[in-house]
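User: I would like to go through this model by question and answer, with the criteria behind each term spelled out.

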Amino acid sequence: MGEFHFQLATLLRVRETARDECRVSLAEAQRADEELQEQLTRLGEIRLGLQEECRKVAEPGSLDVERLAEAHRYVASLRLDEENLRRRRETLAVEIERRRQAVLAADRDVRVLDKLRERRLQRHRIEEGRRESKLLDEAALRAVAS
């Protein structure tokens, strides 16, 4: 049986490499989003802790106004940081979707060539089967003729 050689093998490898690069790029963007989410969570926890501390400081008794004002300024700063992180996540979400679409397109490109390769391999096997049958038939005819 003759060896099968897919004429577009190089193109298939190029497309597989491009698909793999798209997947890596998507994974990096998703990791960046996870990091932003973790930062957002930490800031939220810090802010909630400070707000609870402010409530305790504001309870009746001795009131440290300067400490309370400083805590409120820090809470406001944390809220601003949280808002900035949310905006960055929104921007990153658009980029993640763009990269996801690129992965889908690259997967589709690879699948097209894979299907073509499979069809050509199947055709090659059929042709080889026919050649073998023809050779066996010829050998049988020669054996009968002798």
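The turns below go from the overall fold to charged side chains and then to selected residue pairs.

Analyst: This is a predicted model, in which local features need pLDDT of at least 70, side-chain atom pairs count only at pLDDT 80 or more, and totals for chains, interfaces and linings use all residues. Residues are numbered from 1 along each chain as its sequence is written, and side-chain values use heavy atoms, with hydrogens and water left out.

User: How many helices and strands are there in the protein chain?
Analyst: Helices (H or I, at least four residues) and strands (E, at least two) are taken as DSSP runs, numbered from the N terminus. Helix H1 covers residues 9–57, and helix H2 covers residues 65–145. The count for the protein chain is two helices and zero strands.

User: What percentage of the 146 residues count as buried?
Analyst: Buried means under 20% relative accessible area, exposed over 50%, and partly exposed in between, with a 1.4 Å probe and protein chains only. By that criterion, the buried part of the 146 residues is 23%.

User: How many salt bridges does the count come to?
Analyst: Side chains of opposite charge can pair when their charged atoms come close. A salt bridge is a side-chain nitrogen of Lys or Arg within 4 Å of a carboxyl oxygen of Asp or Glu. One network, joined by salt bridges that share partners, holds Arg-19, Asp-20, Arg-23 and Asp-107. By this rule the count is 17.

User: Which residue forms a salt bridge with Glu-52?
Analyst: Glu-52 is partly exposed, at a relative accessible area of 37%. With the closest N and O atoms 2.9 Å apart, the partner is Arg-55.

User: Which residues form the positive surface patch?
Analyst: Patches are made of residues with over 30% relative accessible area and no salt bridge, with like charges joined within 9 Å and nonpolar side chains (Val, Leu, Ile, Met, Phe, Trp, Tyr) within 5 Å. One of the members, Lys-115, is found in helix H2 and is exposed, with a relative accessible area of 52%. The patch is formed by Arg-108, Arg-111, Lys-115, Arg-119 and Arg-123.

User: What distance separates the C-alpha atoms of Leu-11 and Leu-113?
Analyst: Leu-11 has its place in helix H1 and is partly exposed, at 35% relative accessible area. Although Leu-11 and Leu-113 are 102 residues apart along the chain, their C-alpha atoms are separated by 8.4 Å.

User: What distance separates the C-alpha atoms of Arg-67 and Glu-132?
Analyst: Arg-67 has its place in helix H2. Arg-67 and Glu-132 are 65 residues apart along the chain, and their C-alpha atoms are separated by 92 Å.

Key:
Accessible areas come from the Shrake-Rupley method with a 1.4 Å probe; for residues, only the protein chains shown count as cover. Lys and Arg count as positive and Asp and Glu as negative; His and the chain ends are not counted. The place of a charge is taken as NZ of Lys, CZ of Arg, CG of Asp or CD of Glu.
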